[in-house]
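Please read it alongside the sequence and the coordinates.

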Amino acid sequence: ALSGSPFQSHSVPPAASTRRAAARASGKEEARYKALAALAPHLPEAERRDVLAEALAAARAIENEQDRSRALAVLALHLPEEERGTALTEALAAARAVGYKGDRSRALAALAPCLPEEERWGVLAEALVAARAIGYEEHRSYALAALARSEERRVGKKGRSRWSPNH
């Protein structure tokens with residue numbers, strides 16, 4: 001192909017390249033991480049690692065702890081094994097830093113299924129303690145329901161819950 005030709009060979013189709021540029025240009029970190037994370041699976045391995053690294057940097061820059069925790073947990077599932085633990089540790093630290101008990105409980109409950117088995121139960125216990133400490137009954141019930149949904153999603157994957165009285 002001729003240099004500068006529109007038919008020049010690309011490692012990524014021009015549409016993907018345009019989407020990547022748009023994702024990188026997004027001003028809001030949360031939107032940027034989401035766009036980059038959505039784009040990553042469609043890229044060749046070498047570019048995927050770079051885009052996931054950018055998405056991880058954007059997620060780490062999210063100011064709201066609950067949103068940062070969620071973003072890091074989502075990305076952790078797509079990171080190479082050697083980077084996953086660090087992202088999950090950061091997600092857990094962000095979830096624990098959430099000020100409002102209801103939001104903290106929901107953040108911990110949402111994160112728990114992503115964690116290794118040996119950490120999961122302690123995090124679910126933390127989420128339960130935070131949920132029970134909520135003074136407003138309606139908010140407490142929402143937090144407890146989120147905790148139950150988290151466990152339900154995990155159980156749906158593996159069978160019976162460890163929380164079950166028959167376990």
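## V74 in helix α4

V74 has its place in helix α4. This description, like everything that follows, refers to a predicted model. With a relative accessibility of 35%, V74 counts as partly exposed, because that class lies between the limits of under 20% for buried and over 50% for exposed. In space, the C-alpha atom of V74 is 9.5 Å from that of K34, although 40 residues separate V74 and K34 in sequence.

## S69 in helix α4

Helix α4 is also where S69 is found. Here the relative accessible area is 2%, and S69 is therefore buried. When neighbours within four places in sequence are left aside, the residues in contact with S69 are A91, A94, A95 and L111.

## The nonpolar core

Which residues touch the most other members of the largest nonpolar core? They are Y33, L75 and L111, in a core that counts 37 residues. Two or more residues are contributed to this core by each of α2 (29-39), α3 (45-60), α4 (65-76), α5 (81-96), α6 (101-111) and α7 (117-132). Of these contributions, the largest share is that of α3, with 6 residues. As a general background to such a set, nonpolar side chains in soluble globular proteins tend to be buried together.

Apart from neighbours within four places in sequence, L111 is in contact with S69, A73, L88, A91, L92 and A95.

## Packing of α5 against α6

In general, two packed helices are described by the angle between their axes and the distance between the axes. For α5 and α6, the axes come within 8 Å and cross at roughly 160°. Helices α5 and α6 are therefore roughly antiparallel to each other, since an angle over 145 degrees is counted in that class. The crossing in which α5 passes α6 is left-handed.

On the α5 side, the residues that meet α6 are L88, A91, L92, A95 and R96, and their counterparts in α6 are R104, A107, L108 and L111. By class, the residues of this contact of α5 with α6 comprise 7 nonpolar, no polar and 2 charged. A93 also has its place in helix α5, and with 47% relative accessibility A93 counts as partly exposed. The C-alpha atom of A93 is separated by 9.8 Å from that of L108, with the two residues 15 positions apart along the chain.

## Packing of α2 against α3

The axes of α2 and α3 are 8 Å apart, and these helices pack at an angle of about 160°. That angle makes α2 roughly antiparallel to α3, and the crossing of α2 and α3 is left-handed. The contact brings E29, R32, Y33, L36 and A37 of α2 to V51, E54, A55, A58 and A59 of α3. What is the division by class of the residues in the contact of α2 with α3? There are 7 nonpolar residues, no polar ones and 3 charged ones. Y33, which takes part in this contact, is also one of the residues that touch the most other members of the largest nonpolar core.

## Packing of α3 against α5

For α3 and α5, the axes come within 12 Å and cross at roughly 15°. These two helices are therefore roughly parallel to each other, given that angles under 35 degrees are counted as such. Helix α3 passes α5 in a left-handed crossing.

R49, L56 and R60 of α3 meet E82, E83, T86, A87 and E90 of α5. Sorted by class, the contact of α3 with α5 holds 2 nonpolar, 1 polar and 5 charged residues.

## The chain as a whole

The secondary structure of the chain comprises 8 helices and 0 strands, and from the N terminus on the order of elements is α-α-α-α-α-α-α-α. The chain has 167 residues, of which 38% are buried. Among contacts in the chain with a separation of 6 or more, 47% are accounted for by residues 24 or more positions apart.

Key. Residues numbered from 1 in each chain as written. Predicted model: local features only at pLDDT ≥ 70, side-chain atom pairs only at ≥ 80, totals over all residues. Heavy atoms only, no water. Core = buried A, V, L, I, M, F, W, Y, C linked by side-chain atoms within 4.5 Å. Buried < 20%, exposed > 50% of the residue type's maximum accessible area, 1.4 Å probe, protein only. Helix = DSSP H or I, 4+ residues; strand = E, 2+ residues; numbered from the N terminus. Contact = heavy atoms within 4.5 Å. Axes fitted to C-alpha atoms, helices over the stretch in contact; angles between N-to-C directions. Parallel < 35°, antiparallel > 145°, perpendicular 65-115°, else oblique. Left-handed = near helix turned anticlockwise from the far one by under 90°. Nonpolar A, V, L, I, M, F, W, Y, C, P; charged D, E, K, R; others polar.
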